[in-house]
Amino acid sequence: MAISIPWLKKSSASSGRLGISVGPDGLAIVFINRRGELAFYQFYGEPGDSQELLSNLVDEHDWHDIPCSLVLHPIYYQLLL
């Protein structure tokens with residue numbers, strides 16, 4: 001019996017990485033392909049429904065199962081030491 005560990009597979013990580021930056025001025029989305037090249041960049045000043053926008057972009061560009069990094073603007077969190 002073989003054990004499969006999904007997060008150790010290289011398939012999705014080798015496809016690239018998606019980056020999302022959320023700030024008070026809008027939403028920035030970037031995609032870096034597996035060669036480290038900027039393949040997509042778009043800034044949405046007033047995205048409206050961000051969930052629908054992101055869902056449509058993921059479907060349109062086939063970014064399912066792609067690793068994603070999210071960056072929040074400092075006004076959206078508080079760090080307590």
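Let me begin with the surface. In this predicted model, seven named side chains deserve attention together: Leu70, Leu72, Ile75, Tyr76, Tyr77, Leu79 and Leu81 form a nonpolar patch with about 870 Å² of accessible area together. Leucine 70, one of the patch members, belongs to strand S4, which covers residues 68-72. Is leucine 70 buried or exposed? Its relative accessibility is 56%, and because exposed means over 50%, leucine 70 counts as exposed.

Please keep S4 in view, and move to the segment that follows it. Proline 74 lies in that segment after S4. Proline 74 is also exposed, at a relative accessible area of 53%. Which distance in space separates proline 74 from valine 22? The two residues are 52 apart in sequence, and their C-alpha atoms are 9.8 Å apart.

I turn now to the overall architecture. The protein chain contains 1 helix and 4 strands. Read from the N terminus, the elements follow the order β-β-β-α-β. Of the 81 residues in the chain, 21% are buried.

In what order do the strands lie in the sheet? The 4 strands form an open sheet arranged as S3-S2-S1-S4, with mixed pairing. S3 and S4 are the edge strands, each of them pairing on one side only. From one strand to the next, the twist averages 10°.

Let me take the pairings of S1 in turn. Toward S2, the sense is antiparallel, and 8 bridges hold the pairing. S1 and S2 also make a hairpin, with 2 residues between them.

Toward S4, the sense is parallel: strand S1, residues 16-23, is joined to S4 by 5 bridges.

The next topic is the aromatic residues. How many aromatic pairs does the structure hold? There are 2 aromatic pairs. In one of them, phenylalanine 31 and tryptophan 63 are stacked, with 5.4 Å from centre to centre and 25° between the planes. This pair links distant parts of the chain, since phenylalanine 31 sits in strand S2, residues 26-33, and tryptophan 63 sits in the loop between H1 and S4, 32 residues apart. Phenylalanine 31 is buried, with a relative accessible area of 9%. Tryptophan 63 counts as buried too, at 7% relative accessibility.

Why is the pair of phenylalanine 40 and tryptophan 63 described as edge-to-face? Their ring centres are 5.3 Å apart and their planes stand at 70°, so the pair is edge-to-face, given that planes over 60 degrees apart fall in that class. Here again distant parts of the chain are linked: phenylalanine 40 comes from strand S3, residues 38-44, and tryptophan 63 from the loop between H1 and S4, 23 residues apart. Phenylalanine 40 and tryptophan 63 are both buried. Taken together, the ring pairs link Phe31, Phe40 and Trp63 into a cluster.

In general, most residues other than glycine have a negative phi. Aspartate 62 lies in the loop between helix H1, residues 50-61, and S4. Aspartate 62 is exposed, with a relative accessible area of 57%.

Aspartate 65 is placed in the loop between H1 and S4. At 68% relative accessibility, aspartate 65 counts as exposed. The loop between H1 and S4 thus contains exposed aspartate 62, exposed aspartate 65 and buried tryptophan 63.

Note on methods: Residues numbered from 1 in each chain as written. Predicted model: local features only at pLDDT ≥ 70, side-chain atom pairs only at ≥ 80, totals over all residues. Heavy atoms only, no water. Patch = residues over 30% accessible without salt bridge, like charges linked within 9 Å, V, L, I, M, F, W, Y side chains within 5 Å. Areas by Shrake-Rupley, 256 points an atom, 1.4 Å probe, with all protein chains shown as cover. Salt bridge = Lys/Arg side-chain N within 4 Å of Asp/Glu carboxyl O. Buried < 20%, exposed > 50% of the residue type's maximum accessible area, 1.4 Å probe, protein only. Phe/Tyr/Trp six-rings, centres within 6.5 Å; stacked < 30°, edge-to-face > 60°. Pairing = 2+ DSSP bridges. Axes fitted to C-alpha atoms, helices over the stretch in contact; angles between N-to-C directions.
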